[in-house]
Amino acid sequence: MSAPPAAAATTGADTAARYPSRSRLKAHLACARMEFRAALTYRTAYLSSFVMMLLQIYLLTVVWRAFYDGRAEVDGLGLGTMTAYATLTTLQYQLVSPWRSSPIDQRVREGKVAVDLLRPVGFPGQMLAGQLGWASAALPVLVVALPFALLIGAGQAPASTAAGFAYPVALAGAVLVNQLLGLLLGMVSFWTLEVSGALMAYRFVAQFFSGALVPLFFMPGPVKAVAQWLPFQATAYTPAAVYLGQIEGDGIAVALGVQLAWIAVLGALAAFVWSRARHRVMSQGG
């Protein structure tokens, strides 16, 4: 892996400290726009993700209808709400967890980190902004997919006015939690160079424990307890449960507070990992 000398990396950090806040914001928005445009060039990938998303909604709907087996409710939850949950979590997961989690491993392998470190904004901020830009490219796909998804699955209006207002906040929190997780996973490449194997395992664990496939309230006790102590439930279950009224009243504030706590914890952890990774880059470039 090629890397800049320590002096160059330090210069980039010093410049970032002197860079005006408004200019830093513009720089981060530029990173997001660049990745947004890059994501839209992968038309085949987005078309395949569109098809797979609809297929997943269809299969989950079939499975849950078979599970209910003609019963109106299971554990107080109606079939309509369950299929709406499956449809909603699949749709929002396309936005929250895009098929590429972070560009860091590719930039490390290609030595482009040298250029990133010379920019007048911090490296983690650049990567996080780029990830958010990449994820936002899923929005046009979701707009096109929505009527087909509702035809195959099911949809419902927000359970209450409070749910309607809280859902966008919970969804934004879900995006941030997931992008911070992706940032951490990407920074592992400073030690391993390659994260594709870890990414495959991560996606399986994250999708299951997030409640994207099976809601937390249907999980066995021990599995549910584990899921509640992991950050993944904040990325799929929380916004969907808020929207459908499975979390209501004071529970909404608690759920949003848990998301905020995970954002703070993961942000601090990302800063720590970057501090170690930066020293590694400097030692390799020195």
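User: How many helices and strands does the chain have?
Analyst: This is a predicted model, in which local features need pLDDT of at least 70, side-chain atom pairs count only at pLDDT 80 or more, and totals for chains, interfaces and linings use all residues. Residues are numbered from 1 along each chain as its sequence is written, and side-chain values use heavy atoms, leaving out hydrogens and water. Helices (H or I, at least four residues) and strands (E, at least two) are DSSP runs, numbered from the N terminus. The count is 14 helices and two strands.

User: What percentage of the 286 residues in the chain is buried?
Analyst: Buried means under 20% relative accessible area, exposed over 50%, and partly exposed in between (1.4 Å probe, protein chains only). Of the 286 residues, the buried share is 47%.

User: Is T87 buried or exposed?
Analyst: T87 sits in helix α4, residues 79–96. Its relative accessibility is 1%, so T87 counts as buried.

User: Which residues does T87 touch, not counting those up to four places away in sequence?
Analyst: Contact means heavy atoms within 4.5 Å. With that sequence limit, the partners of T87 are I57, A149, L150, G153 and A154.

User: How far is the backbone oxygen of T83 from a polar atom of the T87 side chain?
Analyst: Here the T87 side chain supplies the polar atom, and T83 supplies its backbone oxygen. The distance is 2.9 Å.

User: Is L55 buried, partly exposed or exposed?
Analyst: L55 belongs to helix α3, residues 43–68. Its relative accessible area is 38%, so L55 is partly exposed.

Key
Polar contact = N/O pair within 3.5 Å; in protein donor to acceptor, adjacent residues only side chain to side chain.
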